[in-house]
Structures are given as C-alpha cells and as structure tokens.
Amino acid sequence: MRNISITLLVSTLLIASPAMAGAGHEHGPDGGHSHGPINNAAAINKAEKQVKTLIERGKLDKSWADAKATGATQKDFGKGAEWIVTFKNEKTRDAGKQTLYVFYTLNGTYIASNFTGN
C-alpha cells in the first residue's frame, strides 16, 4: 500500500510540474529574461527590440522604425537605479516627441517608455 501511495504522489508531481512552467508569464519582446545585471550594449539591444514592439502595437508612429539609440545611461530615481535608453527621431513634427526614453531595471526587465525621461 505504501509503494502505491508513493508512486501516485510522484506521478502527480511529475504531471503538475510542467504546468507551473508553461505559458501565461511574459518574457518581453526579446523572448527571454535576465537573472543578473545587464550591460550598456544589452540595454540598447533590448530597447531597440522594444521600440519595434511598440510600433507593432500602434503605441509609436512607424517613423520610429529607423530611429537608433543615441545612448544608454543609469539613473537613480529614488527607488533604485534604472537603465534609460534614449532614441532620437527628427522625422516627428512635434519637437516634444522627438526624444523617446525606454526604461529598464538593471537586470533588464522592461519598465516603461515615454517622451519626458521621468
């Protein structure tokens, strides 16, 4: 009886484990996630992919497709440091919307994007 109980318990755990790691959690536009701090180049790479995703979702105008990152810096906002990747798009008529800021945690998790830098 004890062997049958152990076998049933192990079988149940083996069947349930893949369900816990399945779909339903987001990895972001780059298809992966980070477990440690990213460097400047990785922040820019992630931000370029994020800009493409924002264009595809209709959040940014298609003129941003050719915009390249002008730099990535770390800034402390009081809650901790974040990566800020900056893009310029002079094709945009609105001068207040020619600079896009894309924010990431130091570990590479996307936070937000805006035109204010805050």
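**View 1. The salt bridge between Lys91 and Asp66.** In this predicted model, in which local features need pLDDT of at least 70, side-chain atom pairs count only at pLDDT 80 or more, and totals for chains, interfaces and linings use all residues, the side chains of Lys91 and Asp66 meet in a salt bridge at 3.1 Å, N to O. A salt bridge here is a side-chain nitrogen of Lys or Arg within 4 Å of a carboxyl oxygen of Asp or Glu, and the structure holds one. Lys91 lies in the loop between β2 (81–88) and β3 (99–105) and Asp66 in the loop between α2 and β1, so the pair ties together parts that are 25 residues apart in sequence. Lys91 counts as exposed at 56% relative accessibility, and Asp66 is exposed as well, with a relative accessible area of 55% (buried means under 20% relative accessible area, exposed over 50%, partly exposed in between, with a 1.4 Å probe and protein chains only). Residues are numbered from 1 along each chain as its sequence is written, and side-chain values use heavy atoms, with hydrogens and water left out.

**View 2. The tilted aromatic pair of Trp64 and Phe115.** The count of aromatic pairs comes to three, where rings of Phe, Tyr and Trp (its six-membered ring) pair if their centres lie within 6.5 Å, and planes under 30 degrees apart count as stacked, over 60 as edge-to-face and the rest as tilted. One of them joins Trp64 and Phe115 as a tilted pair, with 6.1 Å centre to centre and 40 degrees between the planes. Trp64 lies in the loop between α2 (40–56) and β1 (69–76), whereas Phe115 lies in the segment after β4 (110–114), so the pair ties together parts that are 51 residues apart in sequence. Trp64 is buried, with a relative accessible area of 2%, while Phe115 is partly exposed at 26%.

**View 3. The edge-to-face aromatic pair of Tyr104 and Tyr110.** The rings of Tyr104 and Tyr110 form an edge-to-face pair, 5.7 Å centre to centre and with 65 degrees between the planes. Tyr104 is buried, with a relative accessible area of 2%, whereas Tyr110 is partly exposed, with a relative accessible area of 30%.

View 4. The mean pLDDT of the chain is 81, and 70% of its residues reach 70 or more.

Definitions and conventions. pLDDT = per-residue confidence, 0-100. Helix = DSSP H or I, 4+ residues; strand = E, 2+ residues; numbered from the N terminus.
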